[in-house]
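The entries follow in the order in which I looked them up.

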Amino acid sequence: MEFDLENSLTSLEEHQSDTVPNLFASESDHMPSRNFLHCLKTSGFYVSFRQEAISLILQAQYSCNYDAFIPYLAVNYMDRFISKQEIPQGKPWILRLVVISCLSLAAKMKNAHFSVSDFQGEEAGFIFDTQTINRMELLILDALNWRMRSITPFSFVHFFISVLELKDPSSSQPLKDRATEIIFKAQNEIKFLEFKPSIVAASALLVASNELLPLQFPLFKCSISSCAFVNKEKLLSCFNTVQEMVEMEWYDSMLDTMSCTRTPLSVLDTQCTKSESETTSTTSINNGSTVPEIKRRRLNGHSSK
């Protein structure tokens with residue numbers, strides 16, 4: 001049966017309230033080891049390894065037209081594996097073998113076609129036989145204790161949307177879609193590895209609600225913060241980290257657009273306009289403005305530049 005990342009423990013039909021405590025109780029078992037973040041902060045090798053691996057996995061998504069959840073699951077396996085298995089340096093072929101094996105396992109979990117030949121050729125530099133890939137898959141499975149039905153932020157989206165008690169049920173899908181975009185982007189950022197999947201999901205939904213339903217944001221914030229399963233301090237930290245990521249994404253997009261039409265005069269105008277906008281733009285509850293977070297809302301109820 002195909003693995004559904006939104007229902008890690010059960011099928012959608014069997015999704016009952018008693019599975020929710022199990023999700024929260026088990027999520028730590030599906031995270032990288034605790035010392036992995038410290039290792040990433042102190043070792044340039046692992047940072048480079050992870051960045052290059054994610055790049056190869058995303059290339060595979062576009063070249064093979066994979067469902068977006070396959071590379072997401074592959075990165076989850078890769079993070080958990082390299083956090084528990086020491087990777088020898090000076091052997092670049094290991095990176096490609098790990099990537100191929102993680103993609104193969106993720107494709108199997110999603111019942112998707114996977115062809116090793118799509119990732120091997122003269123341009124790849126390395127060619128692995130089926131036996132070598134199978135051995136690496138077994139090594140990964142062993143490191144993950146065969147926990148392949150990963151509990152990810154997607155596992156908690158359904159629950160947190162139900163916690164929000166939306167006035168208009170039709171708004172749940174746009175919220176879910178925007179939160180999904182945020183969760184996909186967050187996986188590429190090292191700083192999110194310190195947060196539990198449930199905290200990332202809750203933060204993504206709060207940021208999405210701040211963008212799409214700003215008038216209801218205070219109520220949503222209160223509902224999620226009051227959830228017995230949620231650590232408020234971690235939620236605050238993760239929410240602000242997500243806000244910063246989304247903010248930077250918006251600025252990058254704006255700069256890309258401006259660069260297409262930039263002239264000497266427009267450069268000067270941009271500096272003036274930016275200065276003015278920083279003092280006037282806000283994500284306000286009172287007027288319902290949804291200007292991207294030039295001025296960010298924080299969970300304590302105040303906005304800060």
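**Cavities**

I first looked up which elements line the largest cavity: α4 (69–82), α8 and α9 each supply at least two residues of that lining. Helices here are DSSP runs (H or I, at least four residues), numbered from the N terminus. I note that the model is predicted, that local features need pLDDT of at least 70 and side-chain atom pairs pLDDT 80 or more, and that totals for chains, interfaces and linings use all residues. Residues are numbered from 1 along each chain as its sequence is written, and side-chain values use heavy atoms, with hydrogens and water left out.

With four residues, α4 gives the most to the lining of the largest cavity. I counted two cavities of 30 Å³ or more in the structure, and the largest has a volume of about 270 Å³. Its lining comprises 21 residues, of which Tyr 72, Asn 76, Pro 153, Phe 192 and Leu 193 are the closest to its centre. A cavity is a set of points on a 1 Å grid over the protein atoms alone where a 1.4 Å probe fits but cannot get out; a pocket is an open set with protein on both sides within 12 Å along at least five of seven lines; lining residues have an atom within 4 Å of a point. Grid points are joined across faces, edges and corners, and a volume is the space filled by probe spheres set on the points.

I sorted the lining of the largest cavity into twelve nonpolar, four polar and five charged residues. In this sorting Ala, Val, Leu, Ile, Met, Phe, Trp, Tyr, Cys and Pro count as nonpolar, Asp, Glu, Lys and Arg as charged, and the others, Gly among them, as polar.

**Largest pocket**

I found about 490 Å³ of space in the largest pocket. Among its 22 lining residues, Ser 28, Met 31, Arg 34, Glu 194 and Lys 196 are the closest to the centre. Both α2 (36–42) and α9 supply at least two residues of this lining. The lining divides into ten nonpolar, four polar and eight charged residues.

**α8 and α9**

How do the axes of α8 and α9 cross? The axes of α8 (residues 172–186) and α9 (residues 197–212) come within 8 Å and cross at roughly 125°. That makes α8 oblique to α9. Axes are lines fitted to C-alpha atoms, for helices over the stretch in contact, and angles run from 0 to 180 degrees between N-to-C directions. Angles under 35 degrees count as roughly parallel, over 145 as roughly antiparallel, 65 to 115 as roughly perpendicular and the rest as oblique.

I listed the contact (heavy atoms within 4.5 Å). On the α8 side are Pro 174, Leu 175, Arg 178, Ala 179, Ile 182 and Ile 183; on the α9 side are Ala 201, Ala 204, Leu 205, Val 207, Ala 208, Ser 209, Glu 211 and Leu 212. Eleven of the contact residues are nonpolar, one is polar and two are charged.

**α9 and α10**

The axes of α9 and α10 (residues 217–225) come within 9 Å and cross at roughly 170°. That makes α9 roughly antiparallel to α10. From α9, Ala 202, Leu 206, Ser 209 and Asn 210 meet Phe 217, Phe 220, Lys 221 and Ile 224 of α10. I sorted this contact into five nonpolar residues, two polar and one charged.

**α3 and α4**

Finally, I found that the axes of α3 (residues 44–64) and α4 come within 10 Å and cross at roughly 160°. These helices, α3 and α4, are therefore roughly antiparallel to each other.
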